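Here are a few friendly notes to read alongside the model. Please keep the structure open as you go through them.

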Amino acid sequence: MLPRIPLAETIDSLVEELVVLFSGFTRAGSAVMLSLLDGFEHALLLPPPWLFILLLATLGWWVTRRPGLPVFVLLGFGLLWNLGLWAPAISTLALVLAATLLSVLLGVPCGILTAMSPWVRRVIMPVLDVMQTMPAFVYLIPAIPFFGIGKVSAVVATVIFSVPPAIRLTCLGIQQVPHDLVECAEAFGATRLQRLCKLELPLAMPTIVAGVNQTIMLALSMAVIAAMIGARGLGGEVWKAIQRLQVGSGFEAGLGIVIVAITLDRLFRALARKSAGRTR
């Protein structure tokens, strides 16, 4: 019988060494990120709920030019306010937007590099396959020793889980730029940076925005899981309802997640259509 490969023990020892090695950096980064998250959440909670709802509905009208999304925002977020879930909904919104911003800041440059370099693509694509097929609960385990229990670990785990679509679709959008346009830009003497900034990225923008949209949906899907390590918000309300067997409260919080998800999905789909219209 073959001896057992000590995979778990090796990973545990590696994580322990990394925690000791980067403890100062992770503590400082955790403090900075926590202050930014709290500031962002407080800024979203600063306007009264009725004003926030009106501003969000106005944004929906400006993006879509149709009454459907503004009416949904008014009814959906008005329902959350009425149910007493306003603060958890804003907390979830802040966490999702923060995780999405970090995912975009990491994913878009990685996607550009992946599209430009075949050997980077050969390395990073299997890594993305592993990241997308690994159960989401696994990402909570290494986040806790590095960043502790709380919102920072939730954001880090959410970013790891939701960044692959941003990388993949950025790479795909750049690769799908028509080759004849690329040759035309090269014939006119455009440098690699000019070709990227003035041709490839504008044409790839609808695909990139679609990747951002998928990133937002994955971040929202982590809301309940992240509540297990101290993230508050609607996911925390669902988690408390599970622990107390409160079906009604769990349904209300779950409905809140659905309302936030549909709102963000429709907003970014409309942004993708606007971006596609500008590049035509």
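1. A word on charges before anything else: Lys and Arg count as positive and Asp and Glu as negative, with His and the chain ends not counted. Each charge is placed at NZ of Lys, CZ of Arg, CG of Asp or CD of Glu. On that basis the protein chain has 20 positive and 14 negative charges, and their mean positions lie 10 Å apart.

2. Please bear in mind that this is a predicted model, in which local features need pLDDT of at least 70, side-chain atom pairs count only at pLDDT 80 or more, and totals for chains, interfaces and linings use all residues. Residues are numbered from 1 along each chain as its sequence is written, and side-chain values use heavy atoms, leaving out hydrogens and water.

3. The protein chain has 13 helices and zero strands (DSSP runs numbered from the N terminus: helices are H or I, at least four residues; strands are E, at least two). Its C-alpha trace spans about 65 × 65 × 40 Å along the principal axes.

4. Of the 280 residues, 43% are buried (under 20% relative accessible area; exposed is over 50%, partly exposed in between; 1.4 Å probe, protein chains only). Among contacts (heavy atoms within 4.5 Å) between residues at least 6 apart in sequence, 77% join residues at least 24 apart.

5. Which helix gives the most to the nonpolar patch? That is H3, with four residues. Leu 51, found in helix H3, is one of the patch residues and counts as partly exposed because its relative accessibility is 31%.

Note on methods: Patch = residues over 30% accessible without salt bridge, like charges linked within 9 Å, V, L, I, M, F, W, Y side chains within 5 Å. Areas by Shrake-Rupley, 256 points an atom, 1.4 Å probe, with all protein chains shown as cover. Salt bridge = Lys/Arg side-chain N within 4 Å of Asp/Glu carboxyl O.
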